[in-house]
Amino acid sequence: MRLRCRCDFSIPIATEQGENDFEIIHHTSITDFCDRLAEAQRQAADDEDFRRRAVGVLLASRSPLLAGIECPNCGRLAIGRKDRPKIQMWFVREPGEADEAMPIRSLTTA
Ligand SMILES: [Zn+2]
């Protein structure tokens, strides 16, 4: 599956562990997520069962999980609801204090 960026780059959309893909959780949902994950862990038969239940918890949240996909060509960020296939918003990257050429994932490493 691919997403066409407004710069015309064709962005691959990963089904798992995409280096340009992010899950965005609304701040007010964190406690709810933790409670549901704890319950999923209590009910899980093993690690694989917990992983499956955890994904279900994230996708079934009252406050829907958002998907963010960064274009590796221009740095635009596409945002959409995880439970809907359509992208709702595009954000254009502007220079920050760090190197403007760095991808978002560079912020996720120590
Ligand atoms: Zn782009």
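Trainee: In which sense do strand β4 and strand β5 pair, and over how many bridges?

Mentor: In this predicted model, β4 (residues 66-70) and β5 (residues 77-81) run antiparallel and are joined over 5 bridges. One of these positions can be followed directly: L66 has R81 in β5 as its bridge partner.

Trainee: What order do the strands of the open sheet take?

Mentor: The order is β3-β4-β5-β6, a sheet of 4 strands with antiparallel pairing. β3 and β6 each have a single partner strand and stand at the edges, so one side of each lacks a neighbour in the sheet. On average, neighbouring strands are turned by 25° against each other, direction ignored.

Trainee: How is the packing of two helices described?

Mentor: Two values are given for a packed pair: the angle between the axes and the distance between the axes. Here, helix α1 (residues 30-43) packs with helix α2 (residues 47-59) at about 155°, and their axes are 9 Å apart. Because angles over 145 degrees count as roughly antiparallel, α1 is roughly antiparallel to α2. The crossing of the two is right-handed.

Trainee: Which residues of α1 and α2 meet?

Mentor: From α1 come F33, R36, L37, A40, Q41 and Q43; from α2 come F50, R53, A54 and V57. This contact comprises 6 nonpolar, 2 polar and 2 charged residues.

Trainee: Where in the chain is confidence lowest, and where is it highest?

Mentor: Strand β3 (residues 21-24) has the lowest confidence, with a mean of 83, whereas strand β6 (residues 89-91) has the highest, at 93. The average pLDDT of the chain is 83, and 91% of the residues score at least 70.

Key
Residues are numbered from 1 along each chain as its sequence is written. This is a predicted model: local features need pLDDT of at least 70, side-chain atom pairs count only at pLDDT 80 or more; totals for chains, interfaces and linings use all residues. pLDDT is the predictor's confidence in each residue, from 0 to 100. Two strands pair if DSSP finds at least two bridges between them. Axes are lines fitted to C-alpha atoms, for helices over the stretch in contact, and angles run from 0 to 180 degrees between N-to-C directions. Angles under 35 degrees count as roughly parallel, over 145 as roughly antiparallel, 65 to 115 as roughly perpendicular and the rest as oblique. A crossing is left-handed if the near helix is turned anticlockwise from the far one by less than a right angle, and right-handed if clockwise. Two residues are in contact if their C-beta atoms, placed from the backbone, lie within 7 Å. Ala, Val, Leu, Ile, Met, Phe, Trp, Tyr, Cys and Pro count as nonpolar, Asp, Glu, Lys and Arg as charged, and the others, Gly among them, as polar.
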